[in-house]
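Keep the picture open while you read.

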Amino acid sequence: MYTVGFVGLGRMGWPMARNIVAAGFPLVGYDADAEITVDFVAENRATAAVEPADFAAVDVVVTMLPTGRIVREALLDWGDGGIAAHLQPGSVLVDMSSSEPVGTRELGGRLRGRGIGMVDAPVSGGVEKATDGTLAIMLGTDDAAASIERAVQVIDAMSARIFRTGPLGSGHAMKALNNYVAAAGFTAGCEALNAGREFGLEPEVMVEVLNSSTGRNFSTEDTFVKHVLTERYDTGFTLGLMTKDVGIAADLAEELGLPAPVCAAVHARLRDAAEGIGGSRDHSAAITHWAKHP
Ligand code: NAD
């Protein structure tokens, strides 16, 4: 079994790392929040890392961090040269965070120079599927079959389906575009709910009609039913991360010279909500901000 290093034991990373341990892989875990690392190794058969050198014996490093910039810092800059300075040639980085594709390609090039492979493998499915080990994976890589084989053995412990999207960065591009489409459905749905409520429609009736009609999408079927109507606002996906993902999609369109005005508008609405209620709030709570600030 390959030895796995796991960096970022947050809402998603914790259950994903737990599934890797459950599949029998020896695992070295690390989170910048020392308390989280300590709690994780106390609950799971894993070793705690405290510095980059603790990843020296690792074959596959999995990152599940908030942004691509933080992934690059962990690999290249943390402590004495980052985790990459301690990895053996032939080892592989699997970045499962929702990172930005251009930065992913840059990082892949830097790692390749040291004989380290890289795969981008962002996930879809949220905390629920991370817990069940049934995430959908978008896998991009330029690397040899050996890297892919190592990566896929570990990814299999966390996922139900792997989509091969193409070269390195293509998984991250696909993930950002998917999340833009999802966020557009969410934002439009919230706008409709707030307008309908103002007109005198019952939100419960509206959601039922949307979900039996052509207006339905993931947010109307899942988020609105479980988190908005109930006012639980607890999907496990923060407003800050959703805003970041739509920003990646907007930057991608700009880099390609393609106009994406809807993406820009959704991004602006999310940024406005994040400034209003805080990026650490659950994204589903954005509807409460938009109700007061139409
Ligand atoms: P989170 O904020 O719950 O977890 C991130 C963890 O990374 C935190 O525990 C934090 O302490 C740790 N961290 C931050 N900087 C670090 C560093 N330099 N070194 C080590 N650890 C560090 O976020 P999350 O919801 O688990 O999301 C992680 C990634 O997965 C993001 O890129 C997000 O966009 C993506 N994602 C999230 C969901 C979801 O539903 N939450 C779904 C799909 C994808």
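This is a predicted model: local features need pLDDT of at least 70, side-chain atom pairs count only at pLDDT 80 or more; totals for chains, interfaces and linings use all residues.

On the domain 1 side, three residues stand out: Arg 11, Ser 98 and Met 138 supply 40% of the area that domain 1 buries against domain 2, more than any other three residues.

So who's who here? The domain assignment gives residues 4-167 to domain 1 and residues 174-292 to domain 2. Their centres, taken over C-alpha atoms, are 28 Å apart. At the interface, 15 residues of domain 1 are in contact with 13 residues of domain 2.

## What the interface is made of

How many salt bridges cross the interface of domain 1 and domain 2? The rule finds one. Three residue pairs are also in polar contact across this interface, counting pairs with both residues at pLDDT 80 or more.

Now for the elements on the domain 1 side. Those that give two or more residues to the side touching domain 2 are helix 4 (101-112), strand 7 (123-124) and helix 5 (126-132). Sort that side of domain 1 by class and you get seven nonpolar, five polar and three charged residues.

## Lys 244 and its contacts

Find Lys 244 in helix 10, which runs over residues 239-256. Which residues does Lys 244 touch, leaving aside its neighbours within four places in sequence? They are Pro 66, Thr 67 and Ser 98. With Pro 66 there is a specific atom to look for: the side chain of Lys 244 reaches the backbone oxygen of Pro 66 at 2.9 Å.

## Salt bridges

Side chains of opposite charge can pair when their charged atoms come close. The structure holds eight salt bridges. Among them, the side chains of Lys 226 and Glu 128 meet at 3.6 Å, N to O.

Another salt bridge joins the side chains of Arg 69 and Glu 73, at 2.7 Å, N to O. Both residues lie in helix 3 (residues 68-77). They are four residues apart, about one turn of the helix.

## The whole chain

Zoom out and you can count twelve helices and nine strands in the chain. Along its principal axes, the C-alpha trace spans about 65 × 45 × 30 Å.

Conventions
Residues are numbered from 1 along each chain as its sequence is written. Side-chain values use heavy atoms; hydrogens and water are left out. Domain bounds come from an automatic or database domain assignment. Contact means heavy atoms within 4.5 Å. Buried area is the accessible area (1.4 Å probe) that two parts lose on being put together, summed over both. A salt bridge is a side-chain nitrogen of Lys or Arg within 4 Å of a carboxyl oxygen of Asp or Glu. A polar contact is a pair of N or O atoms within 3.5 Å; within protein, one must be able to donate a hydrogen and the other to accept it, and residues adjacent in sequence count only if both atoms are side-chain atoms. Ala, Val, Leu, Ile, Met, Phe, Trp, Tyr, Cys and Pro count as nonpolar, Asp, Glu, Lys and Arg as charged, and the others, Gly among them, as polar.
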